[in-house]
Amino acid sequence: MNQEYTYIDGKAIISDENGKQTLIEYSDNLDDILVQENVIETMENRISELENNSKLYNRKHYIPIILSMTALMSTIGVNLLSYFLTGNNPFLSSMNTIFGVVNNGVFNSLFYSAFFLPFGAYFEAIYYNQYRKDKRKGKGINSELEFLKKQIIDEKQTLENLKKEKKRNNEDKEFRVVKVDDKKQLQTLKQYLNLYFDLGYNEKKYSKYYQQGKLDDKLKKRYTDTGIEIAKEYLGEKGPTLVKRKK
């Protein structure tokens, strides 16, 4: 990221966050060029981060592992354990015979299932709830990623245009050090990223509001008019897809 530049007699020495310095020709719009480069670098870093996160959160199918394992262990597992503890142990087998204890596999399965399955169902519900949250987060990541990949093309074109417009009409001899002021642009970018993540994360809920004509009222406390218009455009594009999924 560009941090500052030092102007010396028609030249500019660019310094980044790692202290690396690059000597270039000065131009009147150098500040705009350096800010635009920072915006693009921030977007590229975010794209890389989101692509890695997308692999973690975009699971297509849910598998009830906990409940399945609980059912398996409370039926087959218990009977196998009972067999190894009694069936292969002469002493325990004889004790069962003496006291008239019948090793009934069906009874064991029903007893242990009734005891363990509620616990399994409880923890499965927690696991499933987390899966749903992760799936929504995955949609948010995908939405943000889709926006970035489209927008970065425009930002790179803007940078190319700035470089083509290089001029040196305001050049002077004064030595100076100038900080790269990109706070406003990066803050605006962050707001857009948060918006698109939110639209993906809450796509189902916002789509319902959109179809009911309630979206403006629901979002007016969170977003500006521009943000609401972006939300409408986003949901309008996703609308046909959502309808298809319901069929």
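**Exercise 1.** Are Tyr 196 and Tyr 234 buried or exposed? Work this out for the predicted model, and then describe the ring cluster to which the two residues belong.

*Solution.* Buried means under 20% relative accessible area, and both Tyr 196 and Tyr 234 are buried. The next step is to look at the rings themselves, for which a search of the whole structure finds six aromatic pairs. One of the pairs joins Phe 147 and Tyr 196, whose ring centres lie 4.4 Å apart with planes at 10 degrees, so this pair is stacked. Planes under 30 degrees apart count as stacked. Phe 147 belongs to helix α4 (residues 105-164) and Tyr 196 to helix α5 (residues 183-201), so the pair ties together parts that are 49 residues apart in sequence. Phe 147 is buried, as is Tyr 196. Tyr 196 also forms an edge-to-face pair with Tyr 234, at 6.3 Å centre to centre and with 75 degrees between the planes. Because Tyr 234 lies in helix α8 (residues 225-246) and Tyr 196 in helix α5, this pair ties together parts that are 38 residues apart in sequence. With Tyr 192 included, ring pairs link Phe 147, Tyr 192, Tyr 196 and Tyr 234 into a cluster.

**Exercise 2.** In what order do the four strands form the open sheet, and which strands stand at its edges?

*Solution.* The order is β3-β2-β1-β4, and the pairing is antiparallel. Reading that order from end to end, β3 (21-25) and β4 (176-179) stand at the edges with a single partner strand each, so one side of each is left without a neighbour in the sheet. Neighbouring strands of this sheet are turned by 25 degrees against each other on average, direction ignored. For a detail of the pairing, take strand β2 (residues 11-16), which pairs with β3 over five bridges; Ile 13 has Leu 23 in β3 as its bridge partner. Finally, helix α1 (residues 30-57) lies across β1 (2-8), β2, β3 and β4, and runs at about 160 degrees to β1.

Conventions: Residues are numbered from 1 along each chain as its sequence is written. This is a predicted model: local features need pLDDT of at least 70, side-chain atom pairs count only at pLDDT 80 or more; totals for chains, interfaces and linings use all residues. Side-chain values use heavy atoms; hydrogens and water are left out. Two strands pair if DSSP finds at least two bridges between them. Helices (H or I, at least four residues) and strands (E, at least two) are DSSP runs, numbered from the N terminus. Axes are lines fitted to C-alpha atoms, for helices over the stretch in contact, and angles run from 0 to 180 degrees between N-to-C directions. Contact means heavy atoms within 4.5 Å. Rings of Phe, Tyr and Trp (its six-membered ring) pair if their centres lie within 6.5 Å; planes under 30 degrees apart count as stacked, over 60 as edge-to-face and the rest as tilted. Buried means under 20% relative accessible area, exposed over 50%, partly exposed in between (1.4 Å probe, protein chains only).
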